[in-house]
Structure formats: C-alpha cells, structure tokens
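These are my notebook entries on one protein model. I record below what I looked up and what I found.

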Amino acid sequence: MLGLTNISKTFFPNTVNERRALVNLNLNLEKGDFVTVIGSNGAGKSTMLNAITGRLKIDEGEIFIDNVPVRRMPDYKRARYYGRVFQDPMAGTAPDLTIEQNLALALERGKGRGLKLGLNAKRRAFFREQLEMLGLGLENRLPARVGLLSGGQRQALSLLMAAFTKPNILLLDEHTAALDPQRAAHVTQLTERIVSESGLTTLMVTHNMAQAIELGNRLIMMHEGQIIHTIEAEEKKKTTVDDLLDRFANIKGAVLSDKQMLG
C-alpha cells in the first residue's frame, strides 16, 4: 500500500548548511499495517511524511501508493490517496467554516470541486452518525464554527476528516503532542478505534515511546534520515520504553533527549 524506495533528500546542498534529511530510505507497508515511528529531533520523521504527500520534493528514489508511482505527481493529485493529521490542532480544519462545511470538504477530498459544498439532509444525518463516535457532542453542533472548538475537539475532528474517505494511507504526524494528557489519551483511543474499524493502512510519527509501543503492529526507529531498527508485532508486545532507550543507544550511541518521549 505504501512503498518508499531509496528516497533521499538534502537541504541546502553544497553549502555550509548542507543537511541530509533522508538517506536512501526504504520502507514498505502492506494493506492494513499500522506502523509507528520514533526518533530523535531531526531524524527525518516529518520530512518523510512531507515527501509522501508531495509537500516536499525528494532528490532521489521513488514513492508508491497502492502500487502507483507518485514522485512526479502534483501534491493536489496525491491528496486522493492519503489523509493526514498534523501536530497543530489548528492545521487540519478551516476555522471560519462550520463543522458540517469542514466535513463536506473532507468528503470531497481528491475530487473535482464546484462552488457548492453539497450539504443536504442525507449528508447531515451521515455527519451526525460519524461525529457521534467521537463522544464529544459535536453531532449536535453541525452549524458551529470550527474556530470555536477546543484544541482536543478540533484534533478529534481532524482525525475523523482524514479517515472519512478511507484513504489508501493515513498519516499521523505527532497528532497528540500538542494536547493535554486527558485529550491526548482520548484522541489516542479514537485513533486506535478508527484505524481498526476501517482497516486503514497507517503511518504514525509520535514523540511518545509508550504510545508507539501501545499502537500498531510494527515500530521503526529513525536517526539521521535512516531507519536504524524495526520491531515487528510479536516482539513489540514484549517491548518496554527502557528497551527502546537501550536499543537506540546501542545502535547509534545516541540518547533520545526529549523527556516527553518517556510518557
């Protein structure tokens, strides 16, 4: 469902600020895989996601989504293949539009759009049904502007919108990092439920090692633009945060310094 083949990206090449963000990176996700990604700051985690979506052009390699090569495909055309939730709760929704208008836009992702959002009684009933699973009462607030919602509510809505059309690949970019612990736990539970019920192929970057262990069927460590270690499903069930810290240090002689990752 997702294939990264020898992808590389260097920022500011041939200058004193040259930085190799991705170095011959290879990664494959089969349909239904849920892979969590951890690594130190600057490891290339978000760069990898930006390369997949086309927001960032890679220097070398190829990217396949559902066996379709997308490296040279414009990012607006790639949008039909993926859904993405960002770290910033404000990034995934349009604050001046209502909840139902945001949902209508999400439903049309990757399609040709006219001047109307296509709101009708049937769609509103569908939106209420979908919102009800969030457990936040948003199904009763369809006409409310999204800008009036809390960060946790907006992030839950962003997650629902990203998964709405059952994309080929769901990309989660530290999507609970900006939330307080209670809201982060709620969005984490929603993530597990939505991914499981829809059978979504998912790639999740997280700052939290406990979360990386808890979710998904595979875990990968990144460092300096490369995947340095992979933990498969059975081993992952027995892995602890201390194990991850030890393995990272043993492999690269480095230390994950972000204390939040211990949560």
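**Entry 1: Helix H3**

I began with helix H3, in which Ile 99, Glu 100, Asn 102, Leu 103, Ala 104, Ala 106 and Leu 107 are buried. I take buried to mean under 20% relative accessible area, exposed over 50%, and partly exposed in between, with a 1.4 Å probe and protein chains only. Helices (H or I, at least four residues) and strands (E, at least two) are DSSP runs, numbered from the N terminus. Because 7 of the 9 residues of H3 (residues 99-107) are buried, this helix is largely enclosed by the rest of the structure. I then asked which helices the buried residues of H3 pack against. They pack against helix H4 (121-132) and helix H5 (151-163), where contact means heavy atoms within 4.5 Å.

**Entry 2: Basis of the values**

I note that this is a predicted model, in which local features need pLDDT of at least 70 and side-chain atom pairs count only at pLDDT 80 or more, while totals for chains, interfaces and linings use all residues. Residues are numbered from 1 along each chain as its sequence is written, and side-chain values use heavy atoms, with hydrogens and water left out.

**Entry 3: The whole protein**

I looked up the secondary structure and found 9 helices and 10 strands. The radius of gyration is 19 Å, close to the 18 Å that the globule rule gives for 263 residues, so the protein is as compact as a globular protein of that length. This radius is taken over C-alpha atoms, and the rule is 2.2 Å times the number of residues to the power 0.38. The C-alpha atoms fill a box of roughly 60 × 40 × 35 Å along the principal axes. Of the 263 residues, 51% count as buried. Among contacts with a separation of 6 or more, 67% come from residues 24 or more positions apart.

**Entry 4: Salt bridges**

I searched for salt bridges, each being a side-chain nitrogen of Lys or Arg within 4 Å of a carboxyl oxygen of Asp or Glu. The whole structure has 10 of them.

Lys 9 is in strand S1 (residues 2-11) and Asp 59 in the loop between helix H1 (45-53) and strand S4 (60-65), 50 residues apart. Lys 9 is buried, at 13% relative accessible area, whereas Asp 59 is partly exposed at 37%.

Another joins Arg 218 and Asp 33, at 3.1 Å from N to O. Arg 218 is in strand S9 (residues 218-223) and Asp 33 in the loop between strand S2 (19-29) and strand S3 (34-39), 185 residues apart. Are these two residues buried or exposed? Both Arg 218 and Asp 33 are buried.

I also found Arg 145 in a salt bridge with Asp 96, the closest N and O atoms being 3.4 Å apart. Arg 145 lies in the loop between H4 and H5 and Asp 96 in the loop between strand S6 (82-85) and H3, so the pair ties together parts 49 residues apart in sequence. Arg 145 is partly exposed at 36%, and Asp 96 is exposed at 62%. Salt bridges that share partners join Asp 33, Arg 218 and Glu 232 into one network.

**Entry 5: Glu 174**

I located Glu 174 in the loop between strand S7 (169-173) and helix H6 (181-198). Glu 174 is buried yet has no salt bridge, and Lys 45, the nearest side chain of opposite charge, is 4.6 Å away. Beyond its neighbours within four places in sequence, Glu 174 is in contact with Lys 45, Gln 87, Val 205, Thr 206 and His 207.

Methods: Lys and Arg count as positive and Asp and Glu as negative; His and the chain ends are not counted.
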